[in-house]
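Here is a short briefing to read with the structure open beside you. Take the topics in any order you like.

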Amino acid sequence: AQRGVGAGGGAAASDVFGAAGEVSVTALTADPDRTADVHVELVARQETIDVPGGRSVEGYTVNGSSPGPELRARQGDLVEVRFVNESVSAGATLHWHGIDVPNAADGVAGITQDAVPVGGHAVYRFEATDAGTYWYHSHQVSHDQVVRGLLGAIVVDPASSDAAANLDVTALLHVYGGQHTLNGRVSDERVEAPPGATVRVRVINTDQGTAAVWSESPFRVVATDGRDVNGPTDIDGKRLLIPAGGRADVSVRSPQHGSVGLHVGGARRILVGDPAASVRPGPQPSETLDLLAYGTPAPLGLDPTAPDRTYDYVIARRFGIIDGRPGNFWTINGRMFPDVPMFHVREGEIVVMRIANESGEVHPMHLHGHHFVVLSRDGEAASGSPWWVDSLDVHPGESYEIAFVADNPGIWSDHCHTLPHAVDGLIAHVMYE
Ligand code: C2O
Ligand code: CU
């Protein structure tokens, strides 16, 4: 696979917006003396999006399209993105969803930088330390800018493998004005593959609700949110659910004859095999894959039995007023953002959070700058492959215990990725002391 995309910008590292707090600024930015391996310029515009196979909608584009270009890096690369806001009137930023970037490159307007005004630019620099499937999107008025297209995919190939030799396809899901699209088009996609070959499908859910992935043929989940599953097992007759903001890499085997279809969200499919063969869709399975026990067990890499900090994160709902706007809003431990106290941590600590949802609706909870491991759900321990994610659907009445290592200093957002919920109170922050 080719690295980077388009013509490089190459602005100076000193353009990176500064960080705050008492942690040292060098820890929050990528090495300023290193030359970037991937240089990309991304230009945001407010304009009409042409949706192939569908009808055009008003929204936001990156380099003239939505989704914007897919960025491609190799593990260990230093990525430098020059972001230009040409015409997004409310200002815009780029956030690297799922990539544990230095805090100054996190792209959260009002927290790690100011929104880039029309005519302005920002430079993001980070090392792509972890291979996997990620995406980028604006983090300014996100419930409008992400919903209306200011986003794209970013894939980091493993340092070791010859990624170009493998069949690898991205399936970015997004709804534009009620139209379900796959990679920005209202159509299925075909991947020509010889019988027996496996294709890695990188499903990215950029929408506001859960997406289902399923097939009439067995498939495998090989990674969730950019983290490999240990010893993946065949999934047969079950649906895989991907939270808003989440990703799943799925492996599909090309059949001896014809094609198999992988249904990805809405009404779209990835068809793998003989490009001339038609695939007849079967009924959607009623059973859902339980990610608490999938793949084969592997060591956790941290000891969650002796955490340095344990926090409760209780999601509920009550009447309140936000910015003079009365409504039935979401609360965290009884408070609405910006009134939610920060969760304090120190570098090196193991942090356990007990998330409970007493609000009556599902919330895809997303933590910036870290991946967390799911330890248990409703008191039942995870028994299969460690489930490392950055986006987790917490259903009404459920409680989860998660753990992460505080290894990335800064101030990090921890919010619901159904973005209208975030505006309506469901945002907290993790703050390094
Ligand atoms: Cu994908 Cu705070 O966001
Ligand atoms: Cu929510």
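Which residues does Ala 171 touch, not counting residues up to four places away in sequence? They are Leu 182, Asn 183, Val 201, Arg 202, Val 203, Ile 204, Val 264 and Ile 270, where a contact means C-beta atoms, placed from the backbone, within 7 Å. The model is a predicted one, in which local features need pLDDT of at least 70, side-chain atom pairs count only at pLDDT 80 or more, and totals for chains, interfaces and linings use all residues. Residues are numbered from 1 along each chain as its sequence is written, while chains are lettered from A and ligands numbered from 1 in the order in which they are written.

**Domains**

- The protein is divided into domain 1 (13-157), domain 2 (166-289) and domain 3 (309-432), with bounds that come from an automatic or database domain assignment.
- Between the C-alpha centres of domain 2 and domain 3 there are 28 Å.
- Where these two meet, 14 residues of domain 2 are in contact with 16 residues of domain 3.
- The side of domain 2 that touches domain 3 has four nonpolar, eight polar and two charged residues; here Ala, Val, Leu, Ile, Met, Phe, Trp, Tyr, Cys and Pro count as nonpolar, Asp, Glu, Lys and Arg as charged, and the others, Gly among them, as polar.

**The nonpolar core**

- The largest nonpolar core has 112 residues; such a core is a set of buried Ala, Val, Leu, Ile, Met, Phe, Trp, Tyr and Cys residues joined through C-beta atoms within 7 Å.
- A residue is buried if 20 or more other C-beta atoms lie within 10 Å of its own, exposed if 12 or fewer, and partly exposed in between, with C-beta atoms placed from the backbone.
- Ala 171 is among the residues with the most contacts inside this core, along with Phe 126, Val 203, Val 213, Val 250 and Leu 262.
- Strand β8 (residues 151-157) gives the most to the core, with five residues; strands are DSSP runs (E, at least two residues), numbered from the N terminus.

**Strands and pairing**

- Strand β6 (residues 121-127) is mostly covered, as six of its seven residues are buried.
- β6 runs antiparallel to strand β4 (residues 78-85), and seven bridges join them; two strands pair if DSSP finds at least two bridges between them.
- Leu 78 has Glu 127 in β6 as its bridge partner.
- An open sheet of mixed pairing is formed by five strands in the order β23-β32-β31-β25-β29.
- At its edges are β23 (343-345) and β29 (391-394), each of which pairs on one side only.
- Inside that sheet, β31 (residues 411-416) and β32 (residues 427-432) pair in the antiparallel sense over five bridges, and His 415 stands opposite Ile 427 in β32.

**Backbone features in two loops**

- Most residues other than glycine have a negative phi, and most peptide bonds are trans.
- In the loop between β2 (57-62) and β3 (71-74) sits Pro 67, joined to Ser 66 by a cis peptide bond with omega about -5°.
- Asn 63 lies in the loop between β2 and β3 too, and its phi is positive, near 50°.
- Asn 63 is partly exposed, with 18 other C-beta atoms within 10 Å.
- The loop between β22 (325-332) and β23 holds Pro 338, which a cis peptide bond joins to Phe 337, with omega about 10°.
- Asn 333 is found in the loop between β22 and β23 and has a positive phi of about 50°.
- Asn 333 counts as partly exposed, with 15 C-beta neighbours inside 10 Å.

How values were computed:
Helix = DSSP H or I, 4+ residues; strand = E, 2+ residues; numbered from the N terminus.
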